[in-house]
Amino acid sequence: MKIAGKGISQPISSKQTGAQSGFKQKLLAFASLIILVIVFSVASSNFFQFSNLVGILVSTAVIGVLALGATFVIITGGIDLALGTVMTFSSVMVGVIITFWGLPVPFGIVGGILAGALCGFISGLMVAKMNIPPFIATLAIMMVTKGLSLVITGAKPIYFNDDPIFAKIAMGKMIPGIPNTIIIFLLLGVIASIILSKTIIGRYNFALGSNEEATRLSGVNTVKWKIVIYTITGIFSGIAGILMASRLNSAQPSLGTGYELEAIAAVVIGGTSLSGGVGSILGTIIGALIMSVLTNGLQIMSVAQEWRTVIVGVVIIIAVYADILRRRKQ
Amino acid sequence: MKQRRRGIIMLASLLLATTLLGACNNSDSKKSASGSDKPYIPVISKGFQHQFWQAVKQGAEKAAKEFNVEITFEGPENESQVDKQIEMLQTALDKKPAAIALAALDSKAAIPYLEKAKENNIPIIGFDSGVDSDIPVATAATDNKAAAALAADKMAELIGKKGKVGLVVHDQTSSTGQQRRDGFLEQMKAKYPDIEVLEPQYGGGDQLKSTDLAKAMMQANPDLKGIYGSNEGSAVGVANAVNELQMGGKIVVIGFDSGKQLMDAIRSGVVAGAVTQDPIGIGYQAVKAAVQAIKGETVEKNIDTGFHWYDKNNIDSDEIKPLLYE
């Protein structure tokens, strides 16, 4: 987390403490994850088994990829409520390209990513250029993409039965025993982490979140970089759409609502602050894992589903409050 | 200055938008007012995105054509949006229709509106889960409890009447969700004492969520013999889970409803079979009953639209094929 921009002097101090507390939060989150795994393993012999652990990772992938993308906008102090429906819209576009137009799978993949990127770009444009608050801009995109998905498909799922390769993207196994979707998720995590900590995009991302005005005054084109960041988030949503469509071997136009909140919860549990300027990709990955380990483990322990939802909610409160308490101490 | 100008622009565009909307509404009401040649029947379902509702819509449209009435078909996005459905009901009443066909998400919430309809002599026809009240003159619906009991019988038969089975149910609050759960559970309890039924899991009909739930269920119970999925999304999710864990042939999957993926899974043998309703019949019977009620004819109070078991042997038969939708 040595992201603190060297080019801009003003926001550095706040960012460095941010980086430190981020590290501590990650440690805390990681420790909670380990504790959860231990508790569930003791509670049920069926939990700590290779196939179940693979299952947990597979079920983390879609929300996890959305959360990776969300980390970028949330660090700017923004939000993206369109994550879930942009994902769905992208999967629908993949279906249109592969099934309706009959083009080969790679075109579908590129098209899905582009569809996500375009949605992100438009959100970014509205936020940065038109000064629409991120909450509203992305809420609008959420509705637009949700509606478009239904219009394009005629409210019917699109199937990929013609091309068996497509289903292999997520559930094929290039490494024996481990579905590709897990590898893709982790690989995207590494890429996201590099973008955030090693590139100028990441540097400006943190600068925008810590102090947008100061960043602008020091000569950074904040409009351009904000659009870039929202576009990145869109790209991740697009990839999540491809993974989901591949796993279900179909593009389901009515899916995806509510996924954005799960993704945002994962980001927040991972120590990224909704007020911006603080956050990390590793934290987000851990946050997403905590959510799915909790869901899976409680089910395996036969905790009633109504209570599982309550427990996940309480965990979010604890995670965020622990973060606030610690930061206040500093 | 700049802000003020922006304010004026916004105000102007808002005005423009409302005028446009107003114009649309006007033409709408004019149409229904002047369209006295054709009775207008709004059909308010519990959804529209799902394949099932599209099939109901198809049946409703068929009846509308046959009996020369005008219908609109609408429903909320998911089965928890009770408030949205009530709004639709309110709007429908405002249009002074000849009759209303309604599949209530929450019967109690709808009662004040149904009473208003009764005062205005607008007959209400229930369909699908129907409306839990005396007001509807008729209800066209599947007996979901009996249908779920059939699923339980088939499950028991296929696992040899002994062992552990699980349920992935689409909803714990809607009446179809409850009936399809309880019908299964009660039948198991009453007739098959050697079958242990696990705590039902609820996946909201979301394929991805249902897949993960079914996978965890199989992980937690290595001795599991079978899983019942209570609607299309749940059943397809269970089938996905069985495929992902390569348990095909080891776990008996019983589904509900149809749809291309579920039918493919039945043809390939991953899913043993499913209970189907007659969605086209539901839509058709609802509109037909509405027409009869408008004309003042007597209408059968409970129109059972039926249910059927299908598996890979009879999936293409003349009896079953028309009931399935892709």
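Modeller: The contact draws 33 residues from chain A and 29 residues from chain B, where contact means heavy atoms within 4.5 Å. This is a predicted model, in which local features need pLDDT of at least 70 and side-chain atom pairs count only at pLDDT 80 or more, while totals for chains, interfaces and linings use all residues; side-chain values use heavy atoms, with hydrogens and water left out. Residues are numbered from 1 along each chain as its sequence is written, and chains are lettered from A and ligands numbered from 1 in the order in which they are written.

Between chain B and chain A, about 2700 Å² of area is buried, and carbon and sulfur atoms give 46% of it. Buried area is the accessible area, taken with a 1.4 Å probe, that two parts lose on being put together, summed over both. In chain B, the residues that lose the most area to chain A are Gln49(B), Leu208(B) and Gln219(B), which together make up 24% of what that side buries.

Polar pairing comes next. There are 14 residue pairs in polar contact between chain B and chain A, with both residues at pLDDT 80 or more. A polar contact is a pair of N or O atoms within 3.5 Å; within protein, one must be able to donate a hydrogen and the other to accept it, and residues adjacent in sequence count only if both atoms are side-chain atoms. On the side of chain B that touches chain A, two or more residues each come from helix 2 (51-67), strand 8 (201-202), helix 7 (207-220), helix 8 (232-244) and helix 9 (260-268) of chain B. Helices (H or I, at least four residues) and strands (E, at least two) are DSSP runs, numbered from the N terminus. Helix 7 of chain B gives the most to this side, with 11 residues. By type, the residues on the side of chain B that touches chain A are 9 nonpolar, 12 polar and 8 charged. Here Ala, Val, Leu, Ile, Met, Phe, Trp, Tyr, Cys and Pro count as nonpolar, Asp, Glu, Lys and Arg as charged, and the others, Gly among them, as polar.

Side chains of opposite charge can pair when their charged atoms come close. The rule for a salt bridge asks for a side-chain nitrogen of Lys or Arg within 4 Å of a carboxyl oxygen of Asp or Glu. With a relative accessible area of 8%, Arg247(A) is buried; buried means under 20%, exposed over 50%, and partly exposed in between (1.4 Å probe, protein chains only).

Chain B has salt bridges of its own. Asp182(B) and Arg181(B) pair through their side chains at 2.9 Å, N to O. Asp182(B) is partly exposed, with a relative accessible area of 22%, whereas Arg181(B) is buried at 15%.

Another pair in chain B is Asp257(B) with Arg180(B), whose side chains meet in a salt bridge at 3.6 Å, N to O. Asp257(B) is in the loop between strand 10 (252-256) and helix 9 of chain B, and Arg180(B) is in helix 6 (residues 175-191) of chain B, so the pair ties together parts that are 77 residues apart in sequence. Asp257(B) is buried, with a relative accessible area of 5%, and Arg180(B) is buried with 3%.

Arg180(B) also has a contact with Ser230(B), which, not counting residues up to four places away in sequence, touches Val168(B), Val169(B), His170(B), Arg180(B) and Phe256(B). Ser230(B) sits in the loop between strand 9 (224-229) and helix 8 of chain B. Its relative accessible area is 0%, so Ser230(B) is buried.
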